[in-house]
Structures are given as C-alpha cells and as structure tokens.
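Here is my note on the model you sent. Please read it with the structure open.

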Amino acid sequence: MAPYQSLLNMRTLAPFGVSSLYVIQTLCSVSTLPLGTFVTNCHERNFWLSIKSSFLGQRVRFDIEDGSGIHFLSRQRAAECGYTILFDHHGNLVLRASYLACYVDNKADSEFRLQVWFVSRQAGGSVRAYPLHLHCILPLPWSHRDIICEENYMEVSVKPQIPAPHNHSRKWIDAPPMSSEEKKRLKQEGWVIFYRPGDVQQQRWTVREVLSLGYVIGITDFHVLLRCPYFSPQSHRFMDKEVLVEAVSAVLLLQRQELPTVVDVSVACTINNALVDREHLVWSSPLVLHPLVHGVFQHSSVRLGVGSEALSGCSVRDRGYQVTANNGVLQARIPFGADGTLARAVELDGRLFKVISLDLFLMREWRDDLWPLTQQRTFRLLHSPYLPHTPEVINDTVCSENVFSITVGVFPWEMSFKTLYIGGEPVSWPEAKNQALHISQIHHKNGSYSYQLRRIRGGYRRLSLAFILTLSLTPSAKEFNYSATVVCDVKEAADSAPWLEGRCRESGVQVLLHYGSRERPWELYVGGRRLDWELVELGGFELELEEDYLSVELPLFAPGMTYENITLQSLVAKVEGSVVELDTVQVQHSLTQRCSFPVRDLLVCLPEGRMVVVVDTSRTLPPTTPNSTTLMDPSCGPSQTDSTRALFNFSLNSCGTTQAMEGDYLVYENQVVYTPDLQPTKEPIIHRHSPYRLTIQCRFPANHTDLASFWHPVNSSLSLPLSLKEGHRSKRRLPPRSFRKGLRPTRSLYGWKD
C-alpha cells in the first residue's frame, strides 16, 4: 500500500451529508465515518464527493484504489487522469472525477465504480483513512461528442464513426465496440496529429510519445478520448469575442478492421474568470468555439447548475439568473446575493473588501455538419475581483410612530457584531433592553446578513439617534466601524394625556392604550407589572399597533390576570391596567376590565398559593361519578359537581399536595382519584365502576412564585387523552425582543400575526 506522505496542505471551513458510502478493508488507521461528514453525487458525467470543512485535518490527500493497487493523486497526476481536487466557496473539500478517469471500473460505458481513500493527518500527527465507494449509473445516453472543461483539465470523448452501408439513411454510423486486440494495436501503432492555426507543417506523434507529454489517450468499448491539463505542450490560446479560449486541435489515426480511421479529438474550453457588471457576476464564452465546429453551427440548449445541484428552468428564473446569446457571445449573469452565491469579506491594508463567488456548472449543446450532437460541460468556481465594501444604511423610521428603525448591511458571514455605541457611549446587551433598543440579525439566502436597530421613544415628537456599529472580521479580528445619525421632527399636536380602554375577546382580554399627544414619557402597567418584553413573552401577549393606539391582548390565564367567581359554568377574569407618567410618577389613567368565560376542562394555579381544577369524568369506560372523586386526601372532595364534572378548589399546602424541585421550578402535585369501595362478600359481584386517577400539577419559577397565574389543560394517564402543556410556555405571537418600559412602540416593531 502507498505510504502516507505528501499530504495536501489545506484550510478548514463548512457542512454536508452522506450518500452511498461503504467501508472496506483497513488502510493504516481506519475510522468510522462520522454522520453528516461526506456527501456523494452522480452529476452528469462526473463522480462528486464533498467533505465537510470542519472534519478536515491539518493535511489531507486522496488515494485511488483499483485492481492494480493504490495510486496517489498528485496535482499533475490528477489533471492528467481526470480528477479535480479543490475547496468550494464554503470551504468544503471537493473531489470530482470523470466517469472515464483513470482507475475507474467501467462497465460498458454505462456503469461506473470508483474506490477512494480519504487520508487526513490530525494535529497530533495521527493519520486516519476513510474508504469511500462511489457507484454511478449513466442517467442519459452519451452524445456523439462529450467535452468536459474542468478547473484543471480538458477532456473530449467521441464515438468513432464508420461509413454507413449503401442502403442506410445516414452517411456515417457508430462503429462497433473495439476488441481487445484493436485497443492494444492503437496504443502500439496509433498516431496523433496536432495542428494549430497558421501552422504550415503539422506535427505527427506516436501515441506513446503523446502519453509522455502528459496527454492521456483512452480507449473504452465505445469511446476514444483525449485528456490533458491546461497549458499542455500542444495547446494554444487565443482571444475570441474578447474572451480567452484554450484549445488542442488534434486527430487520431488508427486501424479498424484493416481500414484506416481518422477520429477528431480536438477540445477547447473557455478559461476566463467572471467579470462584474454593476451588481452581477458575469461569465462569458464565445457562442461558437471555432476549433470544435465544422460547417454550419446550430446552437441547441443551455443548462445551469450550482455545485452538484442541477437547476430547472423555473429555479434559474426564480433565482434571477440569466443566460443570453447576443452578438456571438454566450453569457451567464448572476445577481449578487442570489441563492447560490456567497459573499466573503477580505481585509487589505486596513480596508474592507468583499468577494462574491459562485460554483458554476454550465452545459451547452450544439450541432454542426460533422457532429450530430456535441455536449460541453463546464465547471468553474467563479470569483469577483476585490470590491470595496460599503454597507448601506436604510432608514425605515416613521417619525409619527416615535420609533427608529434602521437597517445596516449587507455584511459577509465572516463579520460578527461586537459593539454598539449610542450617542458616543457603548451600550451592552442588558443596557440595550433597558433603553428599549432591539438589535436583530437579518439572514440572507447566500449566507450574508444585515443588522436591524429599533429604538422606541415614547411621548416625544423630537427624535434623534446617532450610533456606531463595530464589527469584527474572522479570523484576523480586525475591527471596522460604521456610523450614522437619524433625526425626525414631528409637528406639535394639542396636549392630551394617554388613556386606557378595555374589551372582552373570545380568547382573552384586550387593553387599548390611546396615546394622546402629551409630550411626556410614560409607562404602561398590566396587572401591577410594568409591560416589558419579558412579560410579553412570558404571557404570550399579542401586540398590535395602529396610528393612535397600542393594543395588548392577554390570553386567558396569562400573567396579569386575577380570577373571580370560578364555577362549573364560568369564571370571571379581571385585568387592571394603568399609565404612569415617568417625570411625575403619577397615574395618568387606570382601568379595571372584567370578562366572563365558559369553563370546560380547567386547571388554574393561582399566585396566592391555590389550585383550581375542573375535571370531566365522563370520558372513562364506564364513566366515573363526579361526586365520588377526591384528592389524595380522601377528606378533600369536590366543591361543586354536575352530571359529568367536578370542581376542586384547594390550597397548595393541603389535601395531600406534594412539593418538589425540578430544575428552576417548584412543582406542586396532587391527584384526582376514585377508588371503588369493594366490600368482601361470599358471592362474586360484577362491578361496573373502574378506578380513576388524574395527576394535576402547578409549576412556579423558584425565584418568582408570585409572578402570575399559569394554565395547564388537564391530562389523565388513564382515561383523559388531553395534552399537558406548561402554562409559562403559552402560544407566542412575537419573536424575542426588548420592549422599552411602557414607551410607545410602532407598527413596524410589532404587527406579527399567525
């Protein structure tokens, strides 16, 4: 086996999944394949293997195994044999191999197998090898001529043609499969003629001489192929339509059935990188590659892909990609930020630049007088030049709503938020919440992001916000500052104090805060607690903003509610609210709103240390009589019953209630039970009552047992199939955000609805 040396230098970066991987014999130290590390694909005419960047060691390499042994892929050998090894723009290690590459097990040019060893040297010096078996079946038939333009080599494979019989409709037909003797004779007696435009004398080489120059002449059952690295000895470059092209013009001379046969094995590829046109990556190619076209050219079709993903026409349009053919130039235009692109940050001489990249696949088809169908597949990892990065400040502030809303971006993924300065002073995360400042990260499909700042300023009509955003670049830790100032002036209005209005809703209680026009800061209190984002999230409040008022809807059993007259028929929920002026600490307006709600199943954990539960016992088979149920203490019976339900109202330190700590919560637990009283008798008795047991719990945060009421729909482990939910995790209408202490919010800050 090949010794582990000459490992490839590498860097590390991002993710992937697993497909079609099988473990075989031991090579040095074989390790189990970590799930999610390797991904394989069969892509067009190529094997495709990607390895997650975070899995890569300090140095890596690939070995290829076939029946003759294990072969190390050097840079030169990879290009000659049809292998491409590179890092994609996510930092993952990629191996691509042509189906006709060296060491591939080829079955009739339709089924292909490749045995790969991925070898990684870790930081401690240990070497690990991972065997990967790649198996692909040709999805679509070969064309008459297939060309691959890879990052490091060009390849052309053709089906040899022979003259058709006199009664055939075509002049030329595909030659029959080559025998082993013909393949051997080609390598020994075949000739290759290279020619270049303008050359007076053509150069004639034996196949053996051509192989010594780094070219590969391959023979399969149905194909003849030529493969070579770029800058090969017989290649030539030229500009066509202001695009750089490299070509090898050659014909292969061989004997078939005692007849001389000429096979055109010319190959040409566009080798230019992408250009930038405004906010687009642009990659161009001559529509007609003249070294490959004979007679009349007929352009057929073009397909695009990103990495190993082939894109449908709809996907291309949805992403904003464009492919055009104008003035003899085939052009692909990719918008910055489109799905599939990646923005990367680069620091040079203290300045920040960005590079936009795309892993492009392009397949084009055409016909000419000699070739009924040619397919050319191009793989290019496109990069833009260094582009100065100047983040844009988007001011969405609506002055009349008293909220600053500012978006700064777009930032490449390597940059991370470090510090925010408001008015020249640094603001920490806890201070940001206290100042009603919310910072959120907006993620874009290509991995970049923007920062959004929102700050509530209640009661004032003169608005001004000056800030500096400091970001750090990974891995250099270089810092960059971005600053802006936003000012709003609003026309003065007549002085009027804020006031509250209450309404009953089907699922809760609504409190409306009408702003008024008084230019003084205020705070809103609900249930004796200041309205902030902690309370909004805890209670699952739904906030909605209009021009002149703020709506706060409290769902039933939310913090801030108290309860009166709980019966089997209904309960009355009470919400008290007040608006307090900050300067004078005086209540500007107060509200007490009571609403009645019907009762079915119910469990209320009251902050004063009581539990109220309504259970439906009719769901057992046979049904249980409600007035026969008790708590764990048999002396604690229901306070009310009807034909199907029982209501219990008891203190948490009574009726057999137990107390325990679960994490940061105090858990109080009891049970509603019914146990038939079975008296011993001499004769057997048929009982029509089944035992009944229902566990009920109340959970309070250990440090805040006085927070508010919590609601748990009841659940029976025996006969009541209702889901148990913790009340402090009731349905949330809003994402996590900071909320200024009662100061006026805006529609842009809230307004989320299910």
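Predicted model: local features only at pLDDT ≥ 70, side-chain atom pairs only at ≥ 80, totals over all residues.

The points below cover the cysteines and one hairpin.

1. Disulfide count. The structure holds 6 disulfides.

2. Cys81 and Cys102. These two are joined by a disulfide, with an S to S distance of 2.4 Å. The cut-off for calling a disulfide is 2.5 Å. The torsion about the S-S bond is -85 degrees, and the link is left-handed. Cys81 sits in helix α1 (residues 75-81), while Cys102 sits in the loop between β7 (93-98) and β8 (105-107), so the bond ties together parts 21 residues apart in sequence. Cys81 is buried, at a relative accessible area of 0%. Cys102 has 18% relative accessibility and also counts as buried, because the buried class covers values under 20%.

3. Cys149 and Cys269. A disulfide joins this pair, with S to S at 2.0 Å. It is left-handed, with -85 degrees about the S-S bond. The link spans distant parts of the chain: Cys149 is in strand β11 (residues 145-149) and Cys269 in strand β23 (residues 267-270), 120 residues apart. Both Cys149 and Cys269 are buried.

4. Cys605 and Cys698. Their sulfur atoms lie 1.9 Å apart and form a disulfide. The S-S torsion is about -90 degrees, so this disulfide is left-handed. Here too distant parts of the chain are linked: Cys605 belongs to strand β51 (residues 602-606) and Cys698 to strand β57 (residues 692-701), 93 residues apart. Cys605 is buried, with a relative accessible area of 0%. Cys698 is buried, with a relative accessible area of 0%.

5. Cys314. Is Cys314 buried or partly exposed? Cys314 is partly exposed, with a relative accessible area of 46%.

6. The β19 and β20 hairpin. Strand β19 (residues 236-240) pairs with strand β20 (residues 243-248) in the antiparallel sense, over 5 bridges. Arg237 stands opposite Glu246 in β20. The hairpin has 2 residues between its strands, and Lys241 takes a positive phi near 55 degrees.

Notes. Residues numbered from 1 in each chain as written. Heavy atoms only, no water. Pairing = 2+ DSSP bridges. Helix = DSSP H or I, 4+ residues; strand = E, 2+ residues; numbered from the N terminus. Buried < 20%, exposed > 50% of the residue type's maximum accessible area, 1.4 Å probe, protein only.
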